[in-house]
Amino acid sequence: MSFRTSNASSGMGVAEHSKITFLELQRKKVHRYVIFKIDEKKKEVVVEKTGAPGESYDDFTAALPENDCRYAVYDFDYVTEDNCQKSKIFFIAWSPSISRIRAKMLYATSKDRIRHELDGIHYEIQATDPTEMELEVLRDRAS
């Protein structure tokens with residue numbers, strides 16, 4: 001008799017659409033941000049929402065649920081001290097302290113898998129409350 005259970009330590013798979021959407025952000029600048037969620041029925045990371053190129057960082061942070069975990073990538077544009085326009089892609093593992101323990105564990109065990117699949121991320125931020133991912137934090141990391 002065998003019991004078929006999902007191995008939480010290996011993490012969820014990453015949907016092909018998630019990889020394509022990330023490449024659209026990275027190469028074509030079609031999206032300002034992409035928010036991913038774990039679809040437990042499909043056992044994979046799927047796209048929940050994308051932000052148009054003109055959307056602000058406030059639009060992005062407002063799109064994250066305040067009581068549930070998500071992964072997100074944000075294309076951060078900034079100007080260097082030499083007045084050069086630059087762009088860095090941030091991976092944000094959003095795990096609010098008030099989210100369910102099961103969700104935190106699921107997202108924590110799947111993070112390495114999605115990070116590996118999304119090639120070209122410059123910086124990673126682990127945030128448990130909004131202050132850990134304020135725009136200033138991104139500016140400090142990017143410069």
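**View A. Thr21, a buried residue in helix H1**. With a relative accessibility of 2%, Thr21 counts as buried (under 20% relative accessible area; exposed is over 50%, partly exposed lies in between, using a 1.4 Å probe and protein chains only). Thr21 sits in H1, which covers residues 16-28 (helices are DSSP runs of H or I with at least four residues, strands are E runs with at least two, both numbered from the N terminus). Leaving aside residues up to four places away in sequence, Thr21 touches His31, Val34, Val47 and Thr50 (contact: heavy atoms within 4.5 Å).

This is a predicted model, where local features need pLDDT of at least 70, side-chain atom pairs count only at pLDDT 80 or more, and totals for chains, interfaces and linings use all residues. Residues are numbered from 1 along each chain as its sequence is written, and side-chain values use heavy atoms, with hydrogens and water left out.

**View B. The six-stranded open sheet**. Its strand order is E1-E3-E2-E4-E5-E6, with mixed pairing (two strands pair if DSSP finds at least two bridges between them). E1 (13-14) and E6 (123-127) each have a single partner strand, so one side of each has no neighbour in the sheet. H1 packs on the sheet, touching E1, E2 (33-39), E3 (44-51), E4 (70-79) and E5. The direction of H1 makes about 35° with that of E3 (axes are lines fitted to C-alpha atoms, for helices over the stretch in contact; angles run from 0 to 180 degrees between N-to-C directions).

**View C. Where E5 meets E6**. Strand E5 (residues 85-94) runs parallel to E6, and five bridges join them. Trp94 has Ala127 in E6 as its bridge partner.
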